[in-house]
Amino acid sequence: MAIISALAVYFVIWWLTLFVVLPIGLRTQDDDNDVVLGTVASAPTRFRAFRVMMTTTVVSALIYGGWYVASAYFGISVNDLPRILPDFQK
């Protein structure tokens, strides 16, 4: 696989993982009973960007590593997934 393709796949996995990791451990202003005037109650009390980015990077690297091992060493690809839609070409 070309390096650009590998980076593109990793970026897609990282982006999807980011939205899974974002709500983990989130404390809202409503949870802490400390709503700042002019903000919504669902706004985070303290947003820990570094922790979210590092967790996202580690989790997505594990997912990418699993995908790479499955494709490079075991030969599993998208074509091996079962066909869900019927083939209307026949």
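**Loop and pocket notes**

Trainee: Where does Asn33 sit?

Mentor: Asn33 is in the loop between α1 (3–21) and α2. Helices here are DSSP runs of H or I with at least four residues, numbered from the N terminus. This is a predicted model, with local features needing pLDDT of at least 70 and side-chain atom pairs pLDDT 80 or more, while totals for chains, interfaces and linings use all residues. Residues are numbered from 1 along each chain as its sequence is written, and side-chain values use heavy atoms, with hydrogens and water left out.

Trainee: What's the phi of Asn33?

Mentor: Phi of Asn33 is near 50 degrees, a positive value in a residue that is not glycine.

Trainee: Is Asn33 buried or exposed?

Mentor: Asn33 is exposed, at 68% relative accessibility. The cut-offs are under 20% relative accessible area for buried and over 50% for exposed, with partly exposed in between (1.4 Å probe, protein chains only).

Trainee: New topic. How many salt bridges turn up in the whole structure?

Mentor: One. The side chains of Arg27 and Asp32 form a salt bridge, 2.4 Å from N to O. The test is a Lys or Arg side-chain nitrogen within 4 Å of an Asp or Glu carboxyl oxygen.

Trainee: And why do Arg27 and Asp32 count as partly exposed?

Mentor: Because the relative accessible area of Arg27 is 43%, and Asp32 has 32% relative accessibility.

Trainee: What lines the largest pocket?

Mentor: Arg27 and Asp32 are both in the lining. A pocket, on a 1 Å grid over the protein atoms alone, is an open set of points where a 1.4 Å probe fits, with protein on both sides within 12 Å along at least five of seven lines; lining residues have an atom within 4 Å of a point.

Trainee: How do the lining residues divide by type?

Mentor: The lining has five nonpolar, two polar and five charged residues. Gly counts as polar in this scheme.

Trainee: What volume does that largest pocket have?

Mentor: About 150 Å³.

Trainee: Thr45 was on your list. Where is Thr45?

Mentor: Thr45 is in the loop between α1 and α2, and Thr45 counts as partly exposed at 33% relative accessibility. From Thr45 to Asp31 the C-alpha separation is 8.6 Å, with the two residues 14 apart along the chain.

Trainee: What about Pro44 and Asp31, in sequence and in space?

Mentor: Pro44 and Asp31 are 13 residues apart in sequence, with 9.2 Å between their C-alpha atoms. Pro44 lies in the loop between α1 and α2 and is partly exposed, with a relative accessible area of 34%.

Technical notes. Points joined across faces, edges and corners; volume = space filled by probe spheres on them. Helix = DSSP H or I, 4+ residues; strand = E, 2+ residues; numbered from the N terminus.
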